[in-house]
Amino acid sequence: MPNYSWPPMDQRKVMGKAHNRLDGFAKSSGRAKYPSDVNREGMVYGVILTSPHAHCTIKSIDTTAAQKMPGVTAVRVTAPAGTEIQWAGAEIAWVAADTEPHARDAVRAIQVAYNVLPHFVSEEKKSKAGTRAKPAGEQTTGDVDEALKAADGVSEGYYAIPVLTHSCLEPHGQVIEWKGDKMEYWPSSQAVSTVAGDLAQQLKIPASQIHVSMDYMGGGFGSKFPSDIWGAECARLSKDSGGKPVKLFLDRATELTIAGVRPSAYANIKVAGKKDGTITAWQSESWATGGFTGGGMPPIPYIFTGIPNRRLNHAAISTNAGGARAWRAPNHQQACFLTFSAIEDFAAKIKMDPVEVLVKNLGLTARAALYERQIRKAQEMADWKKLWHQRGDSGSGNIKRGLGIALSTWGGAGHPSECRIKINPDGSVELEQGTQDLGVGTRTVVAMVAAESLGLTVPDIKVKIGDNAYPVSGPSGGSTTVGGVSSSTRKAAVNALEQLFLKVAPALNADPAKLEAVGGKIQVKGDPSKSMTWKAACQKLGVSSISETGKNDPKNPMGLNTQGAGGVQIADVSVDVETGVVKMNRVVAVADCGLVINPKTAESQVYGGVIMNICGALMEERVMDETLGRVLNADMEFYKLAGIKDIGEIVVHMDVHPDNDKRGVIGLGEPSAISTIAAISNAVANAIGVRVPRVPLSPDHVLTALYGKNMERSRA
Amino acid sequence: MSSKDPKNKKPFSRRGFMQGVGAGASAVGILATPEQAQAQGTVKAMGPAAVPVTLTVNGKPMKVNVEPRETLLDTLRGKLDHTGAKRVCDRGTCGACTMIVDNKVQYGCTILAIDAQGRQIQTIESLTANGKVHPIVPAFVENDAQQCGYCTPGFVMAAKGFLDKNPNPTYDQVKEGLGGNLCRCGTYVGVRKAVLEAAKALRGGATAKGATNA
Ligand code: FES
Ligand code: FES
C-alpha cells in the first residue's frame, strides 16, 4: 500500500504556510454567486404564510382570493383546516408569483380562521412548566450528601443561558428549477452531497434526478443540513407553476423564528471541595428547552467529568417555539458556562485563584497534561499573574477590571469523504469533491494538500467542489470537514501520483517506487539530476488522463486525522458599575489544533469562534412575548450581534507543536467557539464582585445582579 | 402623498406604507430629504403598477420596470443582476446592502428604486470593473477579512466610503467608521487590518498586492 502519511513537519512546502483563501477575491469583489444570488430566466418568487399564533388549530383556510391576485402562479396549503400548530412562525401556506411583492400581496389575501389555544414559551420559570417538563431521572455517583458535609467550602449558584438563534446572514432557502423530470437545485446548505437525497425522499423521486450546485453559502453554523419543507415546497411550487424556476428564501423575521435555535440551559449548582482547591462534589438541578420537542441535556460537569461525588437532575421542557438545530458545538457552550461559572464561584468561595483550582483538579479531566500546558500559556499571554485579583477587589472607581478563564473540549475527527484527482496530459490537475466551503477555507485547504502531495503550487490545482456530481463527501458539521477532506485528498493525490510514476519511470530509467514529486518536477529520490518537469512527465500520458480517488474512512483514518481537541480561553473585561456596560478588553485563545494545514484560515476560525461567543456573552438572546407567544426580537435591530468595535482585541495562539502535529488534522470550528462565554462571565464576576447569573451580560442583567432587591449588595 | 388620499383607507402596514410612499415621485423616500425631492422637480404620480425608470448604476444608465414600493436593493439584485449587495435584515440594520449613492454610503434596502433615479449609484461591482481592481479588494483578501463572505461586499463598500472621507484613519476611527455593518462569522479582526492596509495603499499611491489602481 502506498504511504499516505503526511510529509514530516519540517519538509512541508505548502501545508503549514499561510495561504490566502482561494475564493477571497470572488467574495471581496461581490462576484461570488450565492444560492440567493441565482437569477433564472422566468423565475418566480415563493413566499410563506406563517402562523401568528404560538398554539392554535386552523379552523378554515380560503385561498380563492389569493389565486386571483396579479402575477400569482401557484398557491399551496400545507396546514389545512384541522391542523394543530405548535409554534408561531409555523408554515401554513405558500405562494409563488412573478415578483416578490406580488407573492406577498397574495399571501396577505389568504383568509385563515384560527382557533387559538393556550401556549407556554417561558421555560426559565420551571415551576410553571407542569407536565411540559420531562425529568431525565437522577444520575448519582458517590455520596454527595456526605461530601457536602465534609467540605471546607461549598458554592451555590443559579446560572442561566438563553435560547439563541443561528442568525445566518444568508437565510435558509434555495432556487429550484425542473427540467423535465430532472431538477436543478441551488440550496444554501452545509451538505452538498446529501441534501439531494433528503429532498428526494420528501418528494418521493430518485435522488439521481436532482443536481445540486453550491459554490458559496452565507453561513450555516449547524442549521443548514436538511432540505427542509422549504426545499420540498419550493420544488412543488415550481411544478405547480408549470416548471418555472422558483426562488424561496426565508425573510429575516421567519429566519429568526423558525430556522433553528441553540437550546437554553438553566441550573442550580453546588460545588464543594477542600481548602487546597480539590473539588469533591457536584450537585446540579438543570433544565432547558430546544423548542416543542424539549431538547437534550448539556454534558455537565463539563471536562471535569471525574468529580468523585455527583448528583444530577435534568428536565427537558417543551415550549411553543421554533425548534432547536445543531449550533456550532451543540450543548458545549451551555455546559461550559454552567460548569466553569460554578467552579469559579467555588474558587471565589475558598478565596483561591481559579487558575490554580483548575490546575489542581486536572486529574479529573481526560487531558491533564495538554490542559496544563495550555492554561500556563494562556495565563502568560493574558498577564494573569499581574492582572488577576481576588473577586471584587478591583478598586474604588466606577470602572472595574476583571479576568476569567474557561476550558473546552471537542471531537473533530474527519467525516467520510471521497476525492478524485485527475492529472491531465497538459499537466493540469483537477480536484473533485462533493464537499462545500462554508467560509472556513475548505477549498483552499484541499488545494494546499494536493499541491503539497504532488510537488506543485496551489494555483496549479483546479478545485471543483460544491456539486453533487463529484465524489461524495460528508456534510460539514461537528468540525469534521477538514479532517475528512484533507485525508481523502491526500490519498487521492498519492494514488494519482503513483500512476504518474509508473508512466514516467521508463523515461527516467528508474524504479517507480524510487520517484518523488518535488518543486514541480518528478525526480529520482536522492538523485535530483535524474528528473523531468511536471509538464514533461504529464506528456507521457499520451491522450488519457489519470483519474484516481482516495477515501477517508473514519474507522481507519490511518493517522491522517484524529479527534479530541482541548482549548483554553481567558477574557479580560472592564465593567462600568454605574451603567452596567461590559467592555471587552481582550480575549486570549489557546487553540489545540493538531496538524494545521493553513494557519491563516485556521486563525480566522478561532477569531470567528471567539467573536460569535462575545455576541452570545454580551448581547444575544431570543426574547419571547409571553402574552402573544411570539419572538419579540425577530429582527436584527433587537436581536443583537456585536459590531466591529464591540469585541476588544483577540489574541490567538495556535498550539502548533510537534506533539500536536503528529496527531494529524483535527477540526477547529467548534472548539474555538465554546469557552468564550464562560470566560467572559467569570471575568465580569471577578471585576464586579458578584456573579451575574444570566447571560447575556447586558447592562440590565449586570445592574440587576449588582443592585437588584434580591442581591446582598445595595447601591448604598 | 397618497396617505392623505381619502380613497386610501387600507389599514396601515409596512408594505402598504411603502406602496403609499411610492405613489408620488416627490414622496419622501426613507433617506431622501424634502429638498432632494423638490430638486427633482415635478410631482408626478407613479404606480402602483410597475413603471419604467432609468437608474445610473456604476456610471451606466439602465432601464428597468419597478414597482414604486420596490427597494433599490431588490431592483439591483433581482432585475439588474447586480447581486454583490446582499439582502439580510432588509431594515437598515446590518449593512450587507451597503452601496454608495451620490458619494454617500447608503443602505440599498432603505432607498426606493424610483427615488434613486437621477442619482449616481455605485455598487461593489464597480471596484473590479474594466480590468481594474480597487486596492480595498486585495486588502480584504490579504487580511482574510471574509469567511462565508455574505457580509463582505457590504463591508468593502462601507470601507470604500469611509476611506474616501478619511484617507488617513486611526485604528479607533476604523472601528467607529465600520460600525454600521454586521458579520456573523466574526471577520472583524481581518476587516480592521484590511481597512488600515487599504488606506496605506491608497495614500501611498502604491497598491496592495494584486491591485491595479481604479
Ligand atoms: S439588508 Fe440593508 S441594512 Fe441590512
Ligand atoms: S463572513 Fe460570514 S457573515 Fe461575515
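**Note on a predicted two-chain model**

1. Chain B has 7 helices and 5 strands. Helices (H or I, at least four residues) and strands (E, at least two) are DSSP runs, numbered from the N terminus. Along the sequence of chain B these elements follow the pattern α-α-β-β-α-β-β-β-α-α-α-α.

2. This is a predicted model, in which local features need pLDDT of at least 70 and side-chain atom pairs count only at pLDDT 80 or more, while totals for chains, interfaces and linings use all residues. Residues are numbered from 1 along each chain as its sequence is written, and chains are lettered from A and ligands numbered from 1 in the order in which they are written.

3. On confidence: pLDDT is the predictor's confidence in each residue, from 0 to 100. Chain A has a mean pLDDT of 96, and 99% of its residues reach 70 or more. In residues 710-716 of chain A, however, the pLDDT is below 50, and this stretch has 7 contacts in the model beyond near neighbours in sequence. Two residues are in contact if their C-beta atoms, placed from the backbone, lie within 7 Å. Where pLDDT is low, the predicted coordinates should not be read in detail.

4. Chain B is split into domain 1 (2-125) and domain 2 (133-203); such bounds come from an automatic or database domain assignment. Domain 1 of chain B and domain 2 of chain B each bring 12 residues to their contact. On the domain 1 side, strand S3 (residues 98-101) of chain B gives the most, with 3 residues. That side of domain 1 of chain B holds 8 nonpolar, 3 polar and 1 charged residues. Here Ala, Val, Leu, Ile, Met, Phe, Trp, Tyr, Cys and Pro count as nonpolar, Asp, Glu, Lys and Arg as charged, and the others, Gly among them, as polar.

5. How many residues of chain B are in contact with chain A? There are 47, and they meet 46 residues of chain A. Helices H3 (72-79), H4 (136-142), H5 (152-165), H6 (171-177) and H7 (188-203) of chain B each supply at least two residues of this side. H7(B) provides the largest share, 5 residues. By class, the side of chain B that touches chain A has 20 nonpolar, 12 polar and 15 charged residues.

6. Chain A contains 18 helices and 29 strands. Its C-alpha trace spans about 90 × 70 × 45 Å along the principal axes. The radius of gyration, taken over C-alpha atoms, can be set against a globule rule of 2.2 Å times the number of residues to the power 0.38. A compact globule of 716 residues would have a value near 27 Å, so the 28 Å of chain A agrees.

7. A residue is buried if 20 or more other C-beta atoms lie within 10 Å of its own, exposed if 12 or fewer, and partly exposed in between, with C-beta atoms placed from the backbone. Buried residues make up 59% of the 716 residues in chain A and 55% of the 214 residues in chain B. Among contacts between residues at least 6 apart in sequence, 80% join residues at least 24 apart in chain A; in chain B, the figure is 58%.

8. Chain A is assigned domain 1 (9-32 + 414-552), domain 2 (41-118 + 172-249) and domain 3 (261-412 + 562-707). The centres of domains 1 and 3 of chain A, taken over C-alpha atoms, are 39 Å apart. In their contact, 22 residues of domain 1 of chain A meet 20 residues of domain 3 of chain A. Helix H12 (442-454) and H13 of chain A each supply at least two residues of the domain 1 side. That side has 8 nonpolar, 13 polar and 1 charged residues.

9. A nonpolar core is a set of buried Ala, Val, Leu, Ile, Met, Phe, Trp, Tyr and Cys residues joined through C-beta atoms within 7 Å. The largest one has 278 residues, and those touching the most other members include Ile680(A), Ala159(B) and Ala198(B). Helix H13 (residues 481-508) of chain A gives the largest share of this core, 11 residues. Beyond its neighbours within four places in sequence, Ile680(A) is in contact with residues including Gly404(A), Ile614(A) and Leu697(A).

10. Is Gln390(A) buried or partly exposed? Gln390(A) counts as partly exposed because it has 13 C-beta neighbours inside 10 Å. Gln390(A) sits in the loop between helix H11 (384-387) and strand S19 (399-410) of chain A.
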